[in-house]
Amino acid sequence: MEVYLQVEHLTKSFGDLVLFTDITFSIHKNEKVAIIAKNGAGKSTLLSIISNLDTPDSGNISFRNNIKIAFLDQNPQLPIESSVFDAVYLSSDDKTKIIKDYENAINTENHNLITELSHKIDNLNLWDFETNIKQLLSKLKITDLSQKIKHLSGGQKKRVALAITLLKEPDLLILDEPTNHLDLDMIEWLELYLKKTKSTLLMVTHDRYFLDRVCNNIIEIDDFGLFKYNGNYEYYLTKREERLLNKQSEIDKAKNLFSKELEWIRRMPKARSTKAKYRIDAFYDLKDVANQRIANQQIEANVLSKRLGNKIVNFKNVYKSFDKLTILNNFTYDFQKGEKVCIVGNNGTGKSTFLNLLTGNINPDKGEIEIGSTIEFGYYKQDGIKINDNERVIDVVTNIAEFIEMDKGKSLSASAFLNKFLFPPEKQYNLVSKLSGGEKRRLYLLTVLIKNPNFLILDEPTNDLDIMTLNVLEDFLKSYQGVVIIVSHDRYFNDKIADRLFVFSGNGEVKGFEGNYTQYRNYKEQIDEEALNVTTKEIKTLPVEKIAKSKKMGFNEKREYETLEKEIEELNKQKLKIEEFLNSGSSNHNLLEEKAKEIAEIIAKIDNKELRWLELSELL
């Protein structure tokens, strides 16, 4: 298999901060590889070095001759004075040059050149290049192509940069956190695109479903070196556990042997023979292994959450709009103790506005939002907080509190609390500027939890956090006694935490769904277009607040439940009769066609009635 990229003995540090040492690996044609490492291990720096935007302290990088490379930076730089279309169109220098040369050849009536360039355009499939740009930008929800780059949000800039990268159709595609700032529909589209692309892929991402479905190789960098796993994320988890168990066994054996050798070395006379010197050298090698530690450090986020009263937060007939854009239309909901709600919906449907209404940053146009007297919000915002880069990490925390209340009546000093969030003493006195993006996010999360909130609002909490930190955050949130509201495009995170969804569909419409994101997606995919329309009407007649409160089955629902059982049984009998006819071998084409339509209608009815039966059965 052809080697596209060879990395040999790469080392990089910033001052006394060592990111990685003696990294060696190769990427072969058609591989789709993800790099996994903890925050601060230099993943983004490694991709920048490979893309020739940074330099290593030592080591070599080589590519196969004549391959085309494209890199999507985590924070891409774009020409701010250009329009969206020009920024994308002009970035494809080789393609746009051919198109411009062709246009000039037509204007000058250079027929030989026209013929030559026509062949090139045919081979590169450039006749529809402008159309392809517009289609791709449309899929990435960039519709105003005349808008200047400087007027775009950070998320829009990232999507424009993604379009530029994908349109290059490179042999080797390098992506740094490609799913950041994409909504769920776009993530699923990109997932499918990358699975089908012929480009070899190297990327860093925290999206575990994305890893599992796109990648066929995982590279892990940890304290023991670099390890490559020939499989997807699920395979990696299994094999990593095996590797760590084997490593621990090796360390345990070395410790046992080391204690025996230590006794010998203490007894050994000073005049050492050559044979003894070999044993002494082996002793020090053994000591190195015995002193190794598998870093099983985990964030301990068992902070105290303040007591919740009976009233949490109640929305009563809330309306909110901006100009002609309706955000909420007669929204009513009473939050309950301990519930964990995930808000999903496309960008621009009002998710952030909802959070601002919830926290009182903006007021509704009509209706009322009642907040219980015991509520203490903890709001983790997508854009973070402004932390002075020249401030020490320890000072960021002590400026908020010298001591932090934990559960079970305990309290911790700011330094001890930082240590539990994987900021050891030597890092606590570093400047914030020395932290990686993920470490800054972790510090920000710490400053939210330090105030002991009982109502957590997390707006895109997974961006820039490493997978190890995400696993611990998920465990904390699952056991958290307060209310949790999540806005996240991380499907794996949503599935682990949410027990209910608010689905923002736009135009003020918010639907409630009992379950996590994958259950919601499966539900949507199970029904055809006709059944979807029927089910949507049923959901609209069941307001969000009813979903939370309807825990017992009333008289009418019991009667409906019993009727549904009989109707489903009768429909199944009709379906069986039609199936018998269709399998009978009848040659009456018109009748066969009529029965095929009839059975399709019956199956749709059965699906709808079974879905309603399942809803009612959960209330028993």
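**Strands, helices and what the labels rest on**

Q: Which residue of E18 stands opposite Leu456?
A: Val484 in E18 stands opposite Leu456. Before going on: this is a predicted model, where local features need pLDDT of at least 70 and side-chain atom pairs count only at pLDDT 80 or more, while totals for chains, interfaces and linings use all residues. Residues are numbered from 1 along each chain as its sequence is written, and side-chain values use heavy atoms, with hydrogens and water left out.

Q: What makes E17 and E18 a pair?
A: Strands pair if DSSP finds at least two bridges between them. Five bridges join E17 to E18, so this counts as pairing by that rule. The two strands run parallel.

Q: How do you know that E12 pairs with E18 as well?
A: Strand E12 (residues 340–345) and strand E18 (residues 483–487) are joined by four bridges, and they run parallel too. Among the partners, Cys342 has Ile486 in E18, and Ile343 has Val487 in E18 opposite.

Q: What sheet do these strands belong to, and in what order?
A: An open sheet of six strands, ordered E14-E17-E18-E12-E19-E20, with mixed pairing. Strand E14 (377–380) and strand E20 (509–514) are the edges, as each pairs on one side only. From one strand to the next, the twist averages 15°. Helix H15 (residues 437–449) lies across E14 and strand E17 (455–459), at about 170° to E14.

Q: What makes E18 "mostly covered"?
A: Buried means under 20% relative accessible area, exposed is over 50%, and partly exposed is in between (1.4 Å probe, protein chains only). In E18, five of its five residues are buried. Val483, Ile485 and Val487 point one way, Val484 and Ile486 the other way. In a regular strand, side chains alternate between the two faces of the sheet.

Q: How do you know which way H3 runs relative to H4?
A: Helix H3 (residues 93–107) and helix H4 (residues 111–124) pack at about 150°, with axes 9 Å apart. That makes H3 roughly antiparallel to H4. The cut-offs: under 35 degrees is roughly parallel, over 145 roughly antiparallel, 65 to 115 roughly perpendicular, and the rest oblique. Axes are lines fitted to C-alpha atoms, for helices over the stretch in contact, and angles run from 0 to 180 degrees between N-to-C directions.

Q: Which residues of H3 and H4 meet?
A: From H3, Ile98, Asp101, Tyr102, Ala105 and Ile106; from H4, Leu113, Ile114, Leu117, Ser118, Lys120, Ile121 and Leu124. They divide into nine nonpolar, one polar and two charged. Here Ala, Val, Leu, Ile, Met, Phe, Trp, Tyr, Cys and Pro count as nonpolar, Asp, Glu, Lys and Arg as charged, and the others, Gly among them, as polar.

Q: Why are H6 and H7 called roughly parallel?
A: The axes of helix H6 (residues 154–167) and helix H7 (residues 184–196) cross at roughly 15° and come within 14 Å. H6 and H7 are therefore roughly parallel to each other. Arg159, Leu162 and Leu166 of H6 make the contact with Met186, Trp189, Leu190 and Tyr193 of H7.

Q: What angle class do H5 and H6 fall in?
A: The axes of helix H5 (residues 129–139) and H6 come within 10 Å and cross at roughly 135°. That makes H5 oblique to H6. Ile133, Leu136 and Leu137 in H5 meet Ala163, Leu166 and Leu167 in H6, a contact of six nonpolar, no polar and no charged residues.

Q: How many helices and strands are there in the protein?
A: There are 22 helices and 20 strands. They are DSSP runs numbered from the N terminus: helices are H or I with at least four residues, strands E with at least two. Of the 620 residues, 46% count as buried.

Conventions: Contact = heavy atoms within 4.5 Å.
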